[in-house]
Amino acid sequence: MYEQVSHSLLNNILDELKPDIRRRDLRHFYTRLGANFYAIYSLFHHLYGKRADFQQQMVRLVEVMASRYIERPAPLKQLDIGREADHEWFLSQEWVGMALYTDGFAGNLQGLRSHLSYLQELGVNMVHVMPILKCPQGASDGGYAVSDFRDIDERAGSLTDLQELATDMRRRNMLLTLDVVVNHTSDEHLWAQWSRAGDGHYQDYYYIFDNRDVPDMFEETMPEIFPETAPGNFTYDETMQKWVMTVFNSYQWDLNYSNPAVFIEMLDIILFWANQGADIVRLDAVAFLWKKIGTTCQNEREAHLILQLMKDCSQVTAPGALFIAEAIVAPVEIIKYFGEDAVIAKECEIAYNATFMALLWESVATKSAKLLNQGIRSLPDKLDRATWLNYVRCHDDIGLGFDDADIVRAGYEPFAHRRFLVDYFTGVYDASPARGQPFGVNDKTGDARISGALASLVGLEEAIDHKDEDAISNSINLILLLHSMIMAFGGLPLLYHGDEIGTLNDDSFRKDLAKAGDNRWMHRPKIDWDKAELRHRHGTVEERIFSGLQRMIAVRKSTPAFADYNNRELLDSANPHLFAFMRANPHAGSDSVLVVGNFDASPQSLTLSDLSNRGQFEYGQLRDLYSGEAPTQFKDQLVVPAYRFYWLTDQRLY
Ligand code: GLC
């Protein structure tokens, strides 16, 4: 359809652009702007069309896109063109990620750069570098309270260090992921400081109120994110003598996206980091971007429109850069961050698969895959050109974010079951070897989440303390089993630094006042490089985990069936301890992989003839791609040892 309004507006805007923008060779920019303009205009109009300065704001928006395009380094522009041509590049099984804190991993950005070979040794080729921007000296929510969106915190290094890291990574064919904390700023950010000084223009960047009238209305329906340490969603600022919306910590001021200036500033910042070489931008806390009285202020429709607009604008300037949505919300809500009513992602190409993560932990506690099976079946299909970020652990707590209806279908009572899971992982439950801690306990609602290092949650710490070799082996097998699931499920697996060598809980944060109140620090480790060296000594815990993951990653990379083309079929194994699914090769048709994991402490059997139409596996000679061995079989019953997994192919086909 000929979109007259948007075309004429575009023509006006182009006339109004600054002369230096008009003069440049912006051929690719204009092609992309033309292709995306109708969507950009419609979204921007929907959000801000009632304002008298709408057209001025649109001009500013286009100027920002054009200016950042002009600044975009030539090698990145080249990459953009290549990725546009091969637009499904990130669905490949060849990508494997790791999230890490620069200081904990290797001191600073230079240290990280000098340890890239360690990551390559493991097979990791995407690195999520956790927040490195300027933030307060004391508590900063692990850097998620940003004081300057364009400056690297000196504790991490300098912009030059980052540019060198990005260039080095590109040379090694590794992807760089950086955070842009879009929902809030630190109260030390200049915008907050100017607000404090009484500048109304910047006070409009936040949600600031003279008295409690509006805050009280919001509080009626808004949940609390950190109920123990930062109860409520507003903080009284003594200097301004006003109330500021602070959904997370009291020093994190929520940005007001009903002000187009905020949207344009944040888009500018996203594009700035894309230009520094970020292949992927992780958009933090996206579920919270729009606030409305009478709602939970999460997952609002406008939050999605803002993300669509960010994506459309970023397509124009830096189309090679992808977005990750960090939206740790209910399963039916998470999927929407890919974008609704579309075939390809119109918001974020990648989203945290918090549902799968939580379900995996549920299976560890129950030794059963009943809820896992149920929960994954209820997860809506994702779009074609979009992919999950699958993870077992990350820097945050584990929230038990699965659906109550699924818990009931799996045969449990939701409240009691969640209570059991928290008790299990915090070691309250007698038979549990887990050593986690409750996080975000809310006495009013009964909610709680879980902190703790992967290895400590699966019982490795307890087993080592008791010098119990069997228990050590079980824990290692569980660590590998969990990773085998995220590597094979479909999507980008994201490991968490330290887990590859079985790093245990770290209690040292309790001595640091800025961290003591937040036990997520127990699983944000400082890597012990002497311990990491033990990965070379046969039989050590470090070697068994590291080499297991290394092998898994190598096999994943060479198995086309593990690419993410919606080519997964969940199988009904009839045995509640087993989680089984089939991955079909999207390019051929022949070499499918049968993935099966046993969450129980005893061997379990899978009846191959039960798997509908799986004749090829029923009568074939099975081989495990991971170990290279043929699994034990009795007639059509396959034996899966305790806490083990198989990635099976039918050998006859080779
Ligand atoms: C995200 C981060 C988390 C942080 C929160 C507020 O959820 O992952 O660590 O506390 O945002 O910025």
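Analyst: Two strands count as paired if DSSP finds at least two bridges between them. Please keep in mind that this is a predicted model. With that cut-off, strand β1 (residues 97-100) and strand β2 (residues 126-129) pair in the parallel sense, over four bridges.

User: Which residue stands opposite Met-126 in β2?

Analyst: That is Gly-97, which faces Met-126 across the pairing.

User: And how many bridges join β1 to β17?

Analyst: Three bridges join β1 to strand β17 (residues 492-496), and these two strands run parallel. Within that pairing, Ala-99 stands opposite Tyr-496.

User: Which residues of β1 point one way and which the other?

Analyst: Gly-97 and Ala-99 point one way, while Met-98 and Leu-100 point the other way, and all of them are buried. In a regular strand the side chains alternate between the two faces of the sheet.

User: OK, charges now. How many salt bridges does a search of the whole structure find?

Analyst: The search finds 44 salt bridges. One of them is formed by Arg-196 and Asp-237, whose closest N and O atoms are 2.8 Å apart. Arg-196 lies in helix α10 (residues 190-196) and Asp-237 in strand β8, so this pair ties together parts that are 41 residues apart in sequence.

User: Are those two partners buried or exposed?

Analyst: Arg-196 counts as partly exposed, at 25% relative accessibility, whereas Asp-237 is buried, with a relative accessible area of 8%.

User: What about Lys-444, which partner does its side chain meet?

Analyst: The side chain of Lys-444 meets that of Glu-224 in a salt bridge, at 3.1 Å from N to O. This pair links distant parts of the chain, 220 residues apart, with Lys-444 in the loop between β15 (437-442) and β16 (447-451) and Glu-224 in the loop between α12 (213-219) and β8. Lys-444 is exposed, with a relative accessible area of 67%, but Glu-224 is buried, at 19%, where the cut-off for buried is under 20%.

User: And where do Asp-312 and Lys-346 lie?

Analyst: Those two residues form a salt bridge as well, the closest N and O atoms being 3.1 Å apart. Asp-312 lies in helix α14 (residues 301-317) and Lys-346 in the loop between α15 (331-334) and β13 (350-352), so the pair ties together parts that are 34 residues apart in sequence. Asp-312 is buried, with a relative accessible area of 2%, while Lys-346 counts as partly exposed at 31%.

User: Which residues are linked in a network of salt bridges?

Analyst: Arg-113, Glu-164, Asp-168, Arg-171 and Arg-172 are linked in such a network.

User: Last topic: how many cavities of 30 Å³ or more does the structure hold?

Analyst: The structure holds three of them, and about 80 Å³ of space lies in the largest cavity.

User: What lines the largest cavity?

Analyst: Its lining consists of Pro-131, Ile-132, Leu-133, Gly-143, Val-146, Leu-178, Asp-179, Val-181 and Trp-273. These residues divide into seven nonpolar, one polar and one charged.

Conventions. Residues numbered from 1 in each chain as written. Predicted model: local features only at pLDDT ≥ 70, side-chain atom pairs only at ≥ 80, totals over all residues. Heavy atoms only, no water. Buried < 20%, exposed > 50% of the residue type's maximum accessible area, 1.4 Å probe, protein only. Salt bridge = Lys/Arg side-chain N within 4 Å of Asp/Glu carboxyl O. 1 Å grid on protein atoms, 1.4 Å probe; cavity = no way out; pocket = protein on both sides within 12 Å on 5 of 7 lines; lining within 4 Å. Points joined across faces, edges and corners; volume = space filled by probe spheres on them. Nonpolar A, V, L, I, M, F, W, Y, C, P; charged D, E, K, R; others polar.
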